[in-house]
Each structure stands twice: as structure tokens, then as C-alpha cells.
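Subject: Structure handover

Hello,

Here is the structure for your files.

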There are 2 protein chains.
Amino acid sequence: MKRRIYLKTLSLEEAQKRWKTFFKGLPKTEPEEIPVENSLNRVTAEAVSALMSSPFYHASAMDGFAVRFEDTHGASETTPKRLKIGEQAVPVNTGNPLPEGFNAVVMVEDVHQEGDFIIINAPLTPYQNVRTVGEDIVQTELILPENHQIRPVDIAALLAGGHTTVRVNRKPVVGIIPTGDEVVEPGTTLKPGNIIEFNSRMLAALSAEWGAECRRESIISDIKDLLKEKIIKTLNYCDFLVIIAGSSVGTKDYTPEILGELGKVIVHGVNIKPGKPVLLAAIEGKPVMGVPGYPVSAYITYELFAKPLIYHLQGLTPKAEKTVKVRISRPVFSSIGQTEIVRVKLGKVSDEYVASPVGRGAGAIMTLQRADALIVVPEGREGFDQNEEVEARLLRSEEEIENTIVCIGSHDNTIDIMANFLRKRYPLYSLSSAHVGSMGGIVAIRQAQAHIAGTHLLDEKTGEYNVSYIKRLLKDVPVQLINLVYRMQGFIVKKGNPKNIKDVEDL
Amino acid sequence: MKRRIYLKTLSLEEAQKRWKTFFKGLPKTEPEEIPVENSLNRVTAEAVSALMSSPFYHASAMDGFAVRFEDTHGASETTPKRLKIGEQAVPVNTGNPLPEGFNAVVMVEDVHQEGDFIIINAPLTPYQNVRTVGEDIVQTELILPENHQIRPVDIAALLAGGHTTVRVNRKPVVGIIPTGDEVVEPGTTLKPGNIIEFNSRMLAALSAEWGAECRRESIISDIKDLLKEKIIKTLNYCDFLVIIAGSSVGTKDYTPEILGELGKVIVHGVNIKPGKPVLLAAIEGKPVMGVPGYPVSAYITYELFAKPLIYHLQGLTPKAEKTVKVRISRPVFSSIGQTEIVRVKLGKVSDEYVASPVGRGAGAIMTLQRADALIVVPEGREGFDQNEEVEARLLRSEEEIENTIVCIGSHDNTIDIMANFLRKRYPLYSLSSAHVGSMGGIVAIRQAQAHIAGTHLLDEKTGEYNVSYIKRLLKDVPVQLINLVYRMQGFIVKKGNPKNIKDVEDL
């Protein structure tokens, strides 16, 4: 078989450095002008200053009378001042403009009215009870700097400052080309060998979360000319081109070759697991990424390399990921010389996060979907010891994890049913279960790694389930034993049991 | 003047309790079926189980030959086994279905080929190098529970499990009616007394962040019949009705009266500042909120009361807000008997968050727009002492705040210009400035409350700026003095200075 080899397998750090050096040189997308009210989460293309002051007139801050503060000078309980309504005192409501020449407002509660006069017992200070021009926003004042992601309160401030439109960076357009002879669109009637194309939808959703727009192209078979043609066509409209699968070194992996022909390969092959066959390139200055076809590899490499790029194109830098300290529940082994990203389930038991690694196959999307966090085994490490403390990057919020009931042990369908009812009734809570057998569950409880354990251990001496094991193995652990189901085992026979089967012997 | 009074001014806790008791009884919105690929951030209406296994056939996990593991029994370096290609060994690539009757794959690297035979030196175990049916997802397995907010990886899992559509809760529809004679649409040519209507846009953006859809109605003048008619019309289509302004006790505040006529007022008036005139009601089972017209009051009451409701209608509970411990930079005074929500700027100086209260006017949206966090002065407290440690709810991320350069002191336009350049060049960094005069800035540096201070203090003895003050007041503080601008003060005269003005005297 004809095989290609990776251009050069780089460390993750070196690959990230080369990629960043390239994309830092790319300008952000050009600006576009959009209505302020549609600008939530968009990024300002330039600084925005107030077109007008708010308020743009002196406004009464109270219901009462506009007066000249000079006329109130010396007023007191013993020497009240009388001001003529219409001349020296003009009725105003909250928000009304102050009539020309007036400079204070006396509250209606502080006034006695006698015919055409108001009587006041205390002097006013200049602009007392007045919202003066620019009290909130001063014309020309900076409302938003450049590269600011617009929040609801910014929408209010922009409108208050007289803007109806705002110049924002255009959303980067990501063109995604899924490839592969075996890959079919969701909903297709499947034949053995077919794989449903879901990677592009997953990457499109990730891109949307990061502020980009995605256009998915149709699936391209492993035919070099077809793929090359599609790449050229897609590059015409996109800011960032993504090709899914075909970046590895198999006989049908044409992407590295094509990208080398059309442009320059920056990185091909990174020493990470999963995600090794990632491919990063530039064609006529445009960034191009070849994403491995295994879904977990696709997700992880897309986060590592596409996310900072998509943010950069908008004039943003991604926020730091939320991490927590976790304790490893069982040893993790990893190859030295390779950075491994391990998916883990977390549980908060006795005030500590306990991390249990889940399956490591790059093809098992459910291992990622069920993971609570990712931990990284660095290139120079062979793994982690049991109980070692490591940093974990959260995939779910701490609150969700804290509200997760960790169930380890023997599995039963009732656990899925309970998980669903729990979520239905208490949306903040969830139940996470790892299936390691009854004894594994009891051990997890003893080591404070689980809140509940599923167990169905038969004591053959007594014919009783679980009780003797718990008494022996969890002697000092206060536990509550709840029986969820009885399983009845037997034969299903024809109605009326025509063959009169009563026993295993009768078979 | 005719005045109305609040039905009863409740504590915040009591108001929240009554409102929650009411809305907890409301069902979530009915389900709708949408394409999986458009379901990002939507909430499952019911549990979703896999329609099919993934893989749904035994698939080769390697490039090599499919074999029967039984045929490899006993193979070793000294006793290799020969298997006939086509009969006992069938070539397969990664992902190919295993031919009927075969149950293991030997990797191409582990095989010697001799004519029609492959020779293997080691036995295989059952399903070695095979991705068996359901390795990733088992048909009927729970993929997502009910009330789960869909992430990119969930989209992948749903598609992999055979779904092309998913039943999600319909987005709650919020109908928003802005009211007020003085309120005009953004873009209108303004006359004194006009106020730009931006509250509804701000609340619409907040609603969108929380997963709802908003429809904004046109502005309604303070005419009772018009408003009542609009309320009835809007209630027809929305899940939650919001009326902005008119909920207070002024003569033109008709909302409480109308809601009393059409339904039941649950809360009118809450002992909070800002936000006292908030109004919560139910009309034919539908939640209705009267939001105060001052923008800061609108924002804060909408977060307090609308947010949990909008989440509830989707089957969700809001995530806990991110809080941090902060130290108060100067005393905060508040009325006893009222919960006050104070906007603060935060700075991380010497590893501690220092909170400086900003303006407290409910009408000044910029005070909220510039705030980093909110602190709550409880009903029973008169305020906080200087240096007291309190809990602050973040409005910006910790990272953004840590990357904020805190500038306190005298203000100059160069600070705005620097703030913008900084953000342009280093999008993660920002400069926040509080204007408290030169001396205030020096004090802030001394108390480690600021990173930089603007100062322009003239020493009249030496005619020199700043230096003597810094030497005296910041004796033991290592500071760097950087001169940014010289201001030249003088007269602008006609070209050629025809009147020969040289001095103040010449005027």
C-alpha cells in the first residue's frame, strides 16, 4: 500500500506557536454597519463616541416648580420667600425641560401654594433637583472602545448617545468541506460501511458559539480533482476554510498534497492524542485547516486551532477556559512523547472534585458528550498516579457538576430512568453513572468517589443480596441501602405453556 | 395632584417568593420539532434516546485483514499460521464493515503476505481491532435527558444516534410595550423633553441572551384606553408581557390600574433601590411585568424577576451568577429598610479586588455600562465601611477585570485616547478611569487602589508640577512619573493680533 508520512510531527506548543504567528498577521474582517438593536454580541470595528449628550437639555428630576435659585436665597421657616407662578416659578413634571433662564427645581412636597404664589421655606442650590445636560452621557464621550463585544447595556448606551447604527466587524465566514467515500448525509438510509456526517454540524455549532458564520459544502468523495476544485471554489467566499477528514497519511488522504500545491502547509501532524493528523495551511493568505475525521479529534483540534483564529478575525481574544483542581480516581497511563487530552467525569464528593477518566477512543463521540472536563497529560509525562491532583478544564459549569449525583457500580436501566426524571423535576440536577460492576461501586463508596452505587451481589450462603457485602466492606461508612428493583429471571413460553416447561431440566 | 400609592411595598425576598410561587405553576412552553443542526442552545422537550447504534455494524478499526480469531489460535513466532486470502482473510480498510462471519482484524503491519496467504505470528482475541456494534452509542441508550440545553457535541451525538430532528421547547415569546408621552423612537429628531426609547431594546437583548424571543410593540402614550387595548392585543401572542414605565404612582401611571382590572397584581412596589416601582401581575394565567422607566431600574428589576421566569418557561433554571470577594474603597451609605444595589468599578491591585462605587442615579445608564460588578446593601444595613469585605456579582469576566488598568485621579482626554489604543492593540486589556481630581489620584495610589493616577498639581513655590507632591505624599511608594501632555493656556486672537493683546491686563 502507498503511504504518505507527516511533513513533521510537532509538539502542541510549537504547532500553536507557528499557527499563531501566521494568523496574528491576518487583519480582522472589514467593518459593516448594522442597526444598534441587532448588535448584541457583535464586536465594534472602531471606537464609538456619543453623538449627543443625555439628557441633551436641563431636565427636571422631580415634580414641582422650576425656579431661579438666586430668588430663593435667604428663604427659611421664619423668612419664607414668595415666588410668582408663571414668572418666578413654573410648574414642571419629572423629565420636563427646564424653562429658559431657570436653574433649579423645588419639589412639590416642599411648597405651599397661595393663589398665584408659591411659598418656600428653604433656599435652593444651583441645579438642585435638575438632571443637567450630559449628566448621563456627554457629547463626544467614548461610549465603546474598538474591539468591544456588545452587551445589552451597551445597546442602551449607544442608543442613548444618539446612535441608531453601529460599525462592527463582519462575522468571519467559515467554509466547511466534509470529505470521504463512506460519509453520508444525516437521514440517508444507511448501508453497512456508511458513516453519518455529523462533524461539519458540530464544527458549525462551535463556530457559531465563537461568533462566526458557517457554510457547509456538500460531501466530497475521495477524488483528488473533485476536492481540489471544491477547495478553490470555497476559498472564494470564506475567511477560513475547513476540510474534514483526508488530512491523515492514508492512501486516500489527498488534502495535504492539494494544500501543498495551492499554498503552504504550516503544520502537518501534531504530537497530540487524539488529533494527531491535524493540518494547518495558508492559501493566498487565507487560513486553511484540515480536521481529522474522528469526531473527538475533530472537536479537540478545532478548539485548539480554530477557536483562537475565529476570535482573532473578529478582533477578539478567547476568554481563558475555566479550570479546577481535581483528584484522579484511578491511574492514567499515557505514552511519553505525546500530549494526551483525557476526557473525565467529575464528581464533587466530600468537597473535592474526583476525576474518573472515560473511554479514550477518538471515534466515540459519547465519551466527549458525557465528559465533564478534559485533563492534559503533558508530552513528558507517562500519566498520572491515583489521587494525584491535576488541573482540569471544565466542559460543564461547576454548578452543574456540583449538582451531579455520581453513581458508580453495576448498571440497571432504572438508572437512566431516574436520571431523566431527576432532570425533568429538578433541571439543575443530574445523575451521572459509570458502570464498573457491583464491587467497583462498593469500592467507589468506600473511597468517597461516588454518592451512590449500584450493586447486586448475591451472598450464596444466606441467599440474600448486598447486605453481607456492605456490612463487611463498608463497615465504618454510613450508608443507606435502597432496593430499587427485583429482577425476575425465567423463561418466556407459549401461551398455556403447551410443552409444560417448568425447569431448566425440561429444556 | 392626584397620587396613587403602592399596593404594598415588599421586601425583595418576599417579592421574589411571591413571584416564584406564581410562575413555578406555569408549564414550560409546548414542544416544537426542529432540525438537529439548528438546535444549538435550545432545550430538549423530552428525553432523546438513540434510534440506532453507532457503529451499527462491526467495523474494522485498522487497515488490515478481517479474520476469524479462532483461526489464529496458537500462532507464534515459531508456529506461524497461514490464512488463505479471500477465504480466511479478507482485506479491509479502517471503517469497512467486517465481512459476515469474521470477528477480528489483523493489522497490515503485523502480516507477511505470501502469494494467496497471509502469515501471522500471534493469535488474535475476539473483536481485536474491531469497532463493535454500539461501541459509541447503543440503540435505545439515553443521549439527552429532558430540559437539557443543546451544545455542539450534543448535536454530534444526536446525529450519530440517528436523529435528524429534535423536539425542543418553543422559545418563550416576550411582548414588550414601551410607554410614555415623552418617549420617542431612536433616530427621531429630538425636541427638548424627548427621551430616546432604548429600554425595550436593552430588555429585548437581555431576553435574547436568556433564550427568549422578543417582539417590541410601538410606543404607547400615557392614555389609559390605548394602553389597555394594546395590553389585551399583545397578551394574545406572548408568553410574558412586559410594560415599560407607567408602573409608578404618578398621575399618568395607568399600568397598575389596568393590570388590576384585567387580572391580579401579585407585587407592586419592592423595597429596592433602584427599582422600587416594579409591578408583577398575572392576567389569565400569563405573567405580566411592569418595568420602571429609569434604565438602571429597568435593567436590575428585569434581571431579578424576568430572568428566572424566562428560564423557567424553557424548562431551565438560571446558572448562579459569578461572584467574588471585594474590598470597598470608600464608605457606602444606604438607607436602612431598603435593599440597595450599588454599581462598582473593580480593580485588581495587589492581588485584591478593590471596589469603587460609581454614580447611583437610576437614570444614568453609563454608570451601569461602566460598572464591573454589583454589590448589595441588605435591607438591615446602613451601608458598608471603608475596607469592608463584601460579595460582588460580576458584570464582566474576572479575566477582563484583571486585565483592567485602574486609573484614578484627574481626567484628561488623553486617557480616553489611550484607553482606545490599548484596546485596539491588546483586545484583552482595558483602561478604566475614575475622575476624582489630582489629589484623589495620589491618595488612591497610596492606598493601593489604582495602578495609575492622573495628576496636575502645581507647586506654587517652585512653579513645578506634581514632583513635590509625589515626594511628600508617596514617600515610600515606588512610582514612575510620566508626563503625558503639556497644556498651553492663552488667548486666541485675530490673525496678526490687530488689537495687540499681550496680557490679561490688555483685555
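How much area do chain B and chain A bury between them? About 6,600 Å², 61% of it on carbon and sulfur atoms. Buried area here is the accessible area (1.4 Å probe) that two parts lose on being put together, summed over both.

Ground rules first. This is a predicted model: local features need pLDDT of at least 70, side-chain atom pairs count only at pLDDT 80 or more, and totals for chains, interfaces and linings use all residues. Residues are numbered from 1 along each chain as its sequence is written, chains are lettered from A and ligands numbered from 1 in the order in which they are written, and side-chain values use heavy atoms, with hydrogens and water left out.

**Interface**

Contact (heavy atoms within 4.5 Å) links 81 residues of chain B with 80 residues of chain A. There are 6 salt bridges between the two chains. A salt bridge is a side-chain nitrogen of Lys or Arg within 4 Å of a carboxyl oxygen of Asp or Glu. One of them joins R216(A) to E37(B), with the closest N and O atoms 3.2 Å apart.

Several elements of chain B each supply at least two residues to the side that touches chain A, among them β11 (142-144), α3 (199-209) and α9 (413-425). Helices (H or I, at least four residues) and strands (E, at least two) are DSSP runs, numbered from the N terminus. The largest share, 8 residues, comes from α2(B).

**Aromatic cluster in chain A**

W19(A), F22(A) and F23(A) form one aromatic cluster. Rings of Phe, Tyr and Trp (its six-membered ring) pair if their centres lie within 6.5 Å; planes under 30 degrees apart count as stacked, over 60 as edge-to-face and the rest as tilted. The count is 10 aromatic pairs over all chains. W19(A) and F22(A) make a tilted pair, 5.6 Å centre to centre with 40° between the planes. They sit 3 residues apart in helix α1 (residues 12-24) of chain A, so about one helical turn separates them. W19(A) is buried at 1% relative accessible area, and F22(A) is buried at 18%. Buried means under 20% relative accessible area, exposed over 50%, partly exposed in between (1.4 Å probe, protein chains only). W19(A) and F23(A) pair edge-to-face: 6.2 Å centre to centre, 75° between the planes. Both are buried.

**D412(A)**

D412(A) lies in the loop between β29 (404-409) and α10 (413-425) of chain A. D412(A) counts as buried, at 17% relative accessibility.

Best wishes
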